[in-house]
Amino acid sequence: MVKRRPAILVLEDGRTFPGEAYGSVGETFGEAVFNTGMTGYQETLTDPSYHRQVVVQTAPHIGNTGVNGEDDESGRIWVAGYVVRDPARIGSNWRATGGLEDRLATEGVVGISGVDTRALTRHLRERGAMRVGISSVDNDPQSLLARVRQAPQMVGADLSAEVSTPEPYVVEALGEHRFTVAALDLGIKRNVPRRLATRGVTTHVLPASSSIDQMLATGADAIFLSPGPGDPATADAPVALAREALRREVPLFGICFGSQILGRALGFGTYKLGYGHRGINQPVLDRVTGKVEVTSHNHGFAVQVPGSGDGAVVPDQVIDTDFGGVRVSHVCLNDNVVEGLRAVDLPAFTVQYHPEAAAGPHDADYLFDRFADLIEGRNHSRGRSNA
């Protein structure tokens, strides 16, 4: 058995975990967060929302299905670092085209294995997400700790432009074209336009710096605000775009970071969660249908509405805003965090989780039908065809 190079992980409060180098040898810094998914590690790694975050996998065995060229959610791995307990020695799956560790090494992702991820996760749950460093070139904890404390924090981080597409591109509808959607790319995942395409939607994906006029120049029937990384309190330009779309009564749908942007546009604040929601097993109540869904999450911030926060049950009532009434449409049943908003007087709604989830679950996939129905209803009221 090949002997691995020693590595250490140091949190900003000084807690240190020893391990072995996994992936690229080197040093990295970011925000330590944990993901509770039992599967879908390739989708996690390539999700732009994890930009500048060091992901701790709570599932103990990672890499057993290798990697392939089809399941990426973007064109590269975005995590700042990767922490696993027991990496698979061999990836075994008929779709695999390579091994996970080789992929990490090729893309320069510094990781660490052999870590007691259960103890690390419990520490983050008790103390909250915090800055972290991983090094396989400097095994002095105090030396690494000093650099960890110099690293930028996630609060105040404006990261959308760093992950957004540099040029617009189009994902065509599958089958008969019904609608056109302009998606503001704040860190979009590939499965979003794919799920829209199955509903007959052609999606124009535009850079995060785009204006409302540029988006509507695509012939868009509606605007989509994508997921993405960073602190939504910094995203003033997307918020201004969303407010203008609301003024023009353009149908809007926002997911995760996009939900927080639309929440701010409606006049609500945002705040940082203690350790966030990250995983594919989060229970959410849809107040519209009364159903409880198992959902995929990846967010460290949340929308603050009157009566929300600190575990308080959010009242199911209409909240007055500059754009009419708004209801909290979805609530996380673990901690009562706001997970969705629905405008009463305008064609706009959001969810703070991922109905496009790959590798799953798919309980919330119907929300793309709800978006299509919203567009169809708006077009019908304006006397427009779907052609």
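Which residues are buried in α10? In this helix, L367, F368, F371, A372, I375, R378 and N379 are buried, where buried means under 20% relative accessible area, exposed over 50%, and partly exposed in between, with a 1.4 Å probe and protein chains only.

## Basis of the model

This is a predicted model, in which local features need pLDDT of at least 70 and side-chain atom pairs count only at pLDDT 80 or more, while totals for chains, interfaces and linings use all residues. Residues are numbered from 1 along each chain as its sequence is written, and side-chain values use heavy atoms, with hydrogens and water left out.

## Overall architecture

The protein contains ten helices and 20 strands; these are DSSP runs numbered from the N terminus, helices being H or I with at least four residues and strands E with at least two. The radius of gyration is 21 Å, close to the 21 Å that the globule rule gives for 387 residues, so the protein is as compact as a globular protein of that length. This radius is taken over C-alpha atoms, and the rule is 2.2 Å times the number of residues to the power 0.38.

The C-alpha trace spans about 70 × 45 × 35 Å along its principal axes. Of the 387 residues, 57% are buried. Among contacts (heavy atoms within 4.5 Å) with a separation of 6 or more, 74% join residues 24 or more positions apart. The protein exposes about 15,600 Å², of which carbon and sulfur atoms supply 48%, by the Shrake-Rupley method with a 1.4 Å probe.

## Helix α10

Helix α10 covers residues 366-381; its 16 residues reach 23 Å from first C-alpha to last, close to the 22 Å expected at 1.5 Å a residue, the expected span being 1.5 Å times one less than the number of residues. Seen down the axis, the buried residues of α10 fall within an arc of 150°, so they line one face of the helix; the arc is that of the directions from the helix axis to the C-beta atoms.

The buried residues of α10 pack against β11 (179-184), α6 (191-197), β13 (222-225), β14 (252-255), β18 (324-332) and β20 (348-351). The face turned away from the buried side carries the exposed residues H380 and S381.

## Helix α4

In helix α4 (residues 141-148), the buried residues are L144, L145 and V148. They fall within an arc of 105° seen down the axis, so they line one face of the helix. Their packing partners are β1 (6-11), β3 (27-35) and β9 (130-135).

## Residue T202

T202 belongs to strand β12 (residues 201-206) and is buried, with a relative accessible area of 6%. Not counting residues up to four places away in sequence, T202 touches V170, V171, E172, A173, H177, F179, T180 and V181.
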